[in-house]
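This briefing is meant for a reader meeting the structure for the first time. The chains are taken in turn, together with the place where they touch.

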Amino acid sequence: MIKIEKLHKSYPIGKGALHVLKGLDLHIKEGEFVSIMGSSGSGKSTLLNIVGLLDGHDTGNYYLNGQLIENLDEKKAAILRNKFLGFVFQSFNLINYKSALENVALPLYYQGIGRKERNKIALQYLDKVGLKDRAEHLPNELSGGEKQRVAIARALVTNPKVVLADEPTGALDSTTTHSVMELLKEINREGMTVFVITHEEDVASETDRIVRLKDGVIISDEKVNKKVII
Amino acid sequence: MIKFLFDTDTWQEIFSSIRKNKVRTGITIIGVMWGIFLLVVLLGAAKGIENNFNRLFGDFATNSVFVWAQQTSKPFKGFQEGKAITLKMSDLESIKKEIPGLEFVVPRHQSQALTVNKFKTGMFGVFGDYPEFDKVQKRNLVYGRFINNNDIIEKKKVCVIEEEIYKQLFEKDEFPIGQYIKIDGINYNVVGMYKEGQIGGGGPRGNIHIPFTTFQQVYNRGDSVGWMMITGQPGFDIIQIEADVKLLLKNLHKVHPEDERAFGSFNLGDLFKKIMEFLIGMQFLTWFVGIATLIAGVFAIGNILLITVKERTKEIGIRRALGAKPWEIKRQIILESVFLTSIAGALGIIFGGLVLMLVDAKFGKGEERFLTNPTVDIPVILIAALTLVFLGTLIGLIPAHTAVSIRPIEALREE
């Protein structure tokens with residue numbers, strides 16, 4: 001699903017350059033639940049931005065859904081993002097003057113789907129994250145956990161190939177963290193590839209595969225033995 | 001694109017964006033509104049003045065000059081200065097023959113006369129006129145007719161009176177036509193009554209017109225002419241005609257060519273031209289001020305949108321992460337700009353129209369009014385409105401470009 005070969009990325013700082021990613025190789029197959037672990041400055045956010053087509057890379061190859069990503073202009077990137085990727089952000093990034101339902105329906109708006117149809121689909125996904133009764137609430141009338149659920153519903157609504165979550169629990173307390181992770185797991189069980197970025201061990205341990213990043217290189221890549229849930 | 005314009009979401013987003021900056025947006029709208037308001041009101045007022053001017057001078061052929069004889073101020077060909085000159089009918093024939101581009105040359109005589117009808121009397125101006133006078137200075141007849149050729153040939157004792165004279169000499173509801181009035185002791189049959197516009201022949205209001213030939217005979221004027229009105233054909237310069245006529249007259253009457261006082265004249269065409277130039281200048285100024293204010297207002301709208309876009313940077317980032325194409329962001333902002341300018345324009349036109357209606361009601365009625373029908377033509381309004389929409393689109397491009405020039409990743413980082 002996501003295939004990265006010898007990926008390099010550096011940012012210009014003054015006259016020099018900050019080499020953030022130093023030749024990453026990573027292969028994530030369909031249906032995996034992967035977490036990227038690393039302290040701040042390890043390059044994990046940069047990696048997510050490149051994977052999420054929000055930023056370009058310098059050298060190396062990036063295949064998304066088997067398609068080589070190169071020479072993307074903003075329009076093509078926007079179309080690919082809309083089609084293949086769903087984003088979940090640390091700070092939820094809901095649009096505060098739109099109701100939960102409208103927020104979830106927004107990616108469908110950019111696909112050109114009619115109002116009735118997209119509200120119907122959006123409501124299904126809100127139901128899936130257990131917030132059907134909150135559909136008409138504005139984001140500031142929702143709790144942090146609820147906001148993140150709305151954001152997850154929004155990430156899922158286009159039925160993407162990969163859900164990219166950037167510190168999805170960073171702004172949540174431990175109980176809501178747990179419930180959000182449960183939700184992500186459930187999504188993964190239904191076959192969705194989920195790609196989480198975090199610096200919390202607890203969160204990483206809930207995933208199936210942990211990739212540890214340090215100073216722009218992968219230092220470990222291990223499958224986690226899951227506890228059997230009865 | 002059509003679907004985009006009629007989409008509820010499109011408008012919902014515009015309104016929510018406006019709602020966030022109510023006061024600022026309001027003030028900005030007032031800026032543009034003020035521009036188009038000024039344009040409408042000033043153009044309307046200029047039109048009103050022009051209409052009023054046409055109303056006052058509408059009875060006159062505007063490319064006309066009046067010429068009369070005075071006394072010489074220079075000795076010439078053996079004559080002392082101070083020689084009195086009298087215009088003759090033969091002068092008119094020469095003028096008609098020699099000078100090109102004339103439409104009418106109308107001789108007139110003028111006198112004051114005691115006029116009596118039964119027990120009512122009054123002093124009025126009496127004019128000896130040819131039928132052509134009606135063409136040079138339109139008499140708006142209420143009853144009857146103006147002097148005709150037959151009157152001239154037969155030197156008939158007939159007269160045409162102004163409404164004011166009718167009011168002074170006749171009983172209310174009395175029909176004047178066919179009645180006889182006594183002018184300087186001679187009975188004249190009233191054949192017509194007219195109503196004068198605001199500016200008459202220059203004298204007091206209300207005149208009596210009798211046939212020119214009758215006047216010559218009754219007042220013993222022989223072959224003389226009191227003064228004449230000359231009108232030029234369209235395309236001929238009335239100032240040149242005036243100069244030519246005076247030079248010819250000087251020649252005919254043996255007057256020094258540089259004698260400026262021998263013949264007096266009043267060039268209505270020249271005056272009219274100057275006033276018209278003033279009106280055109282005023283209209284130009286109106287357009288200039290109006291358009292300049294509009295541009296300033298539209299810039300203010302561009303400015304406020306730029307601020308809005310800055311404030312919404314993060315939101316725009318989110319939208320782009322969710323798959324909004326740059327063009328989809330851009331058109332939203334451009335539409336917002338066009339929407340604001342259109343609303344402002346519509347309000348400005350409505351308020352301008354209302355003010356013109358008010359001005360018309362207050363100053364546009366009665367004889368002494370200085371405005372007539374202050375209006376603005378629909379095409380002018382359309383042009384102004386289109387200009388506004390065009391400028392709105394153009395200025396919307398700036399914030400629209402700013403909105404998409406920030407990369408989504410940077411926009412998302414914005415707090």
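A crossing of two helices is called right-handed if the near helix is turned clockwise from the far one by less than a right angle, and left-handed if it is turned anticlockwise. In this predicted model, the crossing of α5(A) and α6(A) is right-handed. Chain A holds seven helices and ten strands, while chain B has 14 helices and twelve strands.

**The two chains in outline**

- Chain A has 230 residues, of which 44% count as buried, and in chain B, with its 415 residues, buried residues make up 38%.
- Among the contacts of chain A with a separation of 6 or more, 69% are accounted for by residues 24 or more positions apart.
- In chain B, 80% of the contacts between residues at least 6 apart in sequence join residues that are at least 24 apart.

**The six-stranded sheet of chain A**

- One open sheet of chain A consists of six strands in the order β6-β7-β8-β3-β9-β10, and its pairing is mixed.
- The edges of this sheet are formed by β6 (85-88) and β10 (217-223) of chain A, each of which pairs on one side only.
- On average, and with direction ignored, neighbouring strands of this sheet are turned by 15° against each other.
- Within the sheet, strand β3 (residues 33-37) of chain A pairs with strand β8 (residues 193-198) of chain A in the parallel sense, over five bridges, and Ser35(A) stands opposite Val196(A) of β8(A).
- Helix α5 (residues 144-156) of chain A lies across β6 and β7 (162-166) of chain A, and the helix runs at about 170° to β6(A).

**The four-stranded sheet of chain A**

- Another open sheet of chain A has four strands in the order β2-β1-β4-β5, with antiparallel pairing.
- Its edge strands are β2 (16-28) and β5 (67-68) of chain A, each pairing on one side only.
- Strand β1 (residues 2-13) of chain A runs antiparallel to β2(A) and is joined to that strand by ten bridges, and the bridge partner of Ser10(A) in β2(A) is His19(A).

**A helix pair in chain A**

- Helix α5(A) packs against helix α6 (residues 174-189) of chain A at an angle of about 15°, with the two axes 9 Å apart.
- Angles under 35 degrees count as roughly parallel, and α5(A) and α6(A) are therefore roughly parallel to each other.
- On the side of α5(A), the contact is made by Gly144(A), Gly145(A), Gln148(A), Arg149(A), Ile152(A) and Leu156(A), and on the side of α6(A) by Thr176(A), Ser179(A), Val180(A), Leu183(A) and Ile187(A).
- By class, the residues in this contact of α5(A) with α6(A) divide into five nonpolar, five polar and one charged.

**A helix pair in chain B**

- Helix α4 (residues 89-98) and helix α9 (residues 238-252) of chain B pack at an angle of about 130°, with their axes 10 Å apart, and α4(B) and α9(B) are therefore oblique to each other.
- The crossing in which α4(B) passes α9(B) is right-handed.
- Asp91(B), Ser94(B), Ile95(B) and Glu98(B) of α4(B) make the contact with Val245(B), Leu248(B), Leu249(B) and Leu252(B) of α9(B).
- Sorted by class, this contact of α4(B) with α9(B) has five nonpolar, one polar and two charged residues.

**A buried leucine in chain B**

- Leu294(B) is found in helix α10 (residues 268-311) of chain B.
- A residue is buried if 20 or more other C-beta atoms lie within 10 Å of its own, and Leu294(B), with 26 C-beta neighbours inside 10 Å, therefore counts as buried.
- Leaving aside neighbours within four places in sequence, Leu294(B) is in contact with Val32(B), Gly35(B), Ile36(B), Leu39(B), Leu388(B) and Leu391(B).
- Although Leu294(B) and Leu39(B) are 255 residues apart along the chain, their C-alpha atoms are separated by 8.8 Å.

**Where the chains touch**

- Contacts between the chains involve 15 residues of chain B and 18 residues of chain A.
- On the side of chain B that touches chain A, the elements giving two or more residues are α2 (8-20), α11 (313-321), α12 (326-363) and α14 (408-413) of chain B, and α11(B) gives the most, with four residues.
- By class, this side of chain B has seven nonpolar, three polar and five charged residues.

Note on methods
Residues numbered from 1 in each chain as written. Chains lettered and ligands numbered in written order. Predicted model: local features only at pLDDT ≥ 70, side-chain atom pairs only at ≥ 80, totals over all residues. Buried ≥ 20, exposed ≤ 12 C-beta atoms within 10 Å, placed from the backbone. Contact = placed C-beta atoms within 7 Å. Pairing = 2+ DSSP bridges. Axes fitted to C-alpha atoms, helices over the stretch in contact; angles between N-to-C directions. Nonpolar A, V, L, I, M, F, W, Y, C, P; charged D, E, K, R; others polar. Parallel < 35°, antiparallel > 145°, perpendicular 65-115°, else oblique.
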